[in-house]
Amino acid sequence: MSYTILVTAPRLADEGREVLEQAGCRLLFIPKGEEDSLGEIMASQPIDAVIARTLTLNKATIASCQGLRAISRHGVGHDAVDIQAAAELGIPVTVVGDTNAQSVAELAIGLMITVARNVSDLGQRVSTGEWPRQTPGLQLSGRVLGLVGCGTIARHVARMANAIGMRVIAYDPALETMPEGISKAANLDDLLTSSDVLSLHCPLLPSTQNLIDAAALAKLHSGAIVINTARGGLIDENALADAIMAGHLKGAGLDTLNIEPPPENHPLLRLPQVVLTPHVGGNSDAALALTARAAAENALALLSGHPPAHGRIVNEHLLEITQ
């Protein structure tokens, strides 16, 4: 049977597109610059499944698509999809599991080194004619890396940090014991007061919104670095800017922000101690290929009535309640 699949982006990596085309699917895309057309397309086209990338699928948009039967997230997070609304309409929502974990972890380590060694600021200064050889950097070997959350991405980060020579501790209330190479923090305060580098790897939930606020930042070691490749809403960004400008923190490396892209007056944009990337942790060639294929296979599995081979149904508990 042929299905109509909407991809909420201009394209899908070949590995995913080929899976859908071989299954005889009709593919629809949202062209660049036409993101506002998402609601109109979903309301007017006979769409069976959505492969959801960065655009938001709210209750009204999901409800407007009368034949929608599945939402497959092209990624590991699902905060851009109203999973409650989807469940009320009997629509399962899946994520792809760990397909981009290595790539996100590599970026976290890259941001860590970039901030520690002032790479971004030094590069800009050299390009304007300076040669600031006397600018000291921070050696990471021998420092303590604190991980908030200890899922697959965090474990990849820990493995690389151990190789550098860092001692790694983690706080994750869902885990009784930690993997080899990671010590367990008794609580978040214990983690914060022990960390030279703080790296976030937890989901954005009501309970974690602004988890790293002014009080939390104040508990970090003087000269600490904050890394976030998870979700922007985990950090009070104004408090982070204040802590850096006050000299308490060395800097930050952030792949995610509360508002993306940030407004022109965002306080972190003007700080040379802050390195910002545009939410590209999973945007490597290998990760995009694996993620696209997994998202495509999840969509087809849901439409054929079978459990997905990759990832999981994130609103399964809600579906059970509404059925």
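Two strands count as paired if DSSP finds at least two bridges between them. Helices (H or I, at least four residues) and strands (E, at least two) are DSSP runs numbered from the N terminus. This is a predicted model, where local features need pLDDT of at least 70, side-chain atom pairs count only at pLDDT 80 or more, and totals for chains, interfaces and linings use all residues. Residues are numbered from 1 along each chain as its sequence is written, and side-chain values use heavy atoms, with hydrogens and water left out.

**View 1. Strand E3 and its partners.** Strand E1 (residues 4-7) runs parallel to E3, joined by three bridges, with Val 7 opposite Ile 51. E3 also pairs in the parallel sense with strand E4 (residues 70-73), this time over four bridges; there, Ala 52 sits opposite Arg 73. In a regular strand, side chains alternate between the two faces of the sheet. Here, Ala 49 and Ile 51 point one way from E3 (residues 49-52), Val 50 and Ala 52 point the other way, and all are buried (under 20% relative accessible area; exposed is over 50%, partly exposed in between; 1.4 Å probe, protein chains only). E3, helix H3 (residues 59-64) and E4 form a right-handed β-α-β unit: with the strands pointing away from the viewer, the path from the first strand over the helix to the second runs clockwise.

**View 2. Cysteines without partners.** The structure holds zero disulfides, meaning pairs of cysteine sulfur atoms within 2.5 Å. For Cys 25, the nearest cysteine sulfur is that of Cys 65, 15 Å away. Cys 25 is buried, at 11% relative accessible area.

**View 3. Helix H5.** The 16 residues of H5 (residues 101-116) reach 23 Å from first C-alpha to last, close to the expected 22 Å (1.5 Å times one less than the number of residues). Twelve of the 16 are buried, including Val 104, Leu 107, Leu 111 and Met 112. After H5 comes Asn 118, with a positive phi near 60°.
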